[in-house]
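Please take a moment to look over the sequence and the model before reading on.

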Amino acid sequence: MRDELLPIGRFARLCRLSVKQLRHYDETGLLAPARVDPGSGYRYYAAEQARDALTIALLREADVPLAAIALALSAGPAERARILAAERDRLAERISRDRARLDVLERLADGGLPGHEVTWGREPEHRLAVVRARCTPAGIGDGVGDCVARLLPALGAAGTAWKPPLWGLYPLDVTEHMEIAVGVQTDADPPPGPELLALPGGPVAETVHVGPYSQLTVAYHALFAAVHERGLTPLGPVREAYLTGPAHAAPQELTTRLVVPVQEEDAA
């Protein structure tokens, strides 16, 4: 049987892996050798194990967790495809978050600390037709797109008149499963699908951000810093008014008004 198997060093060279990697795969239960010498503990592998060894290395290079790799190797084709698709989506979400962080760092490196002007005033009540969605922080863009795709066609099909801008409504606390909403101001009752939301008026802090949505965190930094420096309590939902959207401007020219309601000072 020894003649039919490859010693670990030769098998490692065949797979362009290191002996250390193969030992680690064995220790974690991903790829056990075909035979272990009971006296020396030396590992031997069958040539047909090379495909699994190379697959493990490829998936580890793509940052797929060991547990997911083990499931994928033991699954049938359909289940394996589902597992790998889920890992693909996880990686894409992480890349999206990293890109947003990179945008922020580039802006800070170019212009220093946030310099958004924060103003104070009173916001009137808004009567909005809204649709809602649940999403992760990294999925906000897709969540907003889904809301817009449901809201505007519904209003258009019903002939419901509305006034720009488009509004995005977000919770104060950013969580992994948060609810967001997108709405527009209308004097008419919304058609089936969208719901009517009376957004109360009151004192607010606001600023205007010009640039990609990925850099909105810079504007929020300035806005919430100003709110807390005044000793005020922010209230939800946080509101974004999209004054110039992607359909009419390049990413560097997008214009967004950020509005944070604050508690009345005499009621604090």
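Helices (H or I, at least four residues) and strands (E, at least two) are DSSP runs, numbered from the N terminus, and the expected span of a helix is 1.5 Å times one less than its number of residues. This is a predicted model, in which local features need pLDDT of at least 70 and side-chain atom pairs count only at pLDDT 80 or more, while totals for chains, interfaces and linings use all residues. Residues are numbered from 1 along each chain as its sequence is written, and side-chain values use heavy atoms, with hydrogens and water left out.

Helix 3, which covers residues 50-61, has 12 residues and reaches 17 Å from its first C-alpha to its last, close to the 16 Å expected at 1.5 Å a residue. Within helix 3, the residues Ala50, Ala53, Ile56, Ala57 and Leu59 are buried, where buried means under 20% relative accessible area, exposed over 50%, and partly exposed in between (1.4 Å probe, protein chains only). An α-helix has 3.6 residues a turn, so residues three or four places apart point the same way. Just after helix 3, Asp63 takes a positive phi of about 65°.

A nonpolar core is a set of buried Ala, Val, Leu, Ile, Met, Phe, Trp, Tyr and Cys residues joined through side-chain atoms within 4.5 Å. The largest such core has 22 residues, of which Phe11, Leu17, Leu22, Tyr25, Leu31 and Ala53 touch the most other members. The elements giving two or more residues to this core are helix 1 (8-15), helix 2 (19-27), helix 3 and helix 4 (66-74), and helix 3 gives the most, with 5 residues. Leaving aside neighbours within four places in sequence, Tyr25 is in contact (heavy atoms within 4.5 Å) with Leu17, Leu30, Leu31, Ala53, Ile56 and Ala57. Apart from this core lies another, of 15 residues, among them Cys135, Val144, Leu155 and Met178.

Is His126 buried or exposed? His126, which lies in strand 5 (residues 126-135), is buried because its relative accessible area is 8%. The side chains of His126 and Gln185 are joined by a polar contact of 2.8 Å, a term for a pair of N or O atoms within 3.5 Å; within protein, one must be able to donate a hydrogen and the other to accept it, and residues adjacent in sequence count only if both atoms are side-chain atoms.

Trp162, by comparison, sits in the loop between helix 6 (140-158) and strand 6 (163-170), and counts as partly exposed because its relative accessibility is 35%. Not counting residues up to four places away in sequence, Trp162 touches Leu152, Leu155, Val184, Gln185 and Thr186.
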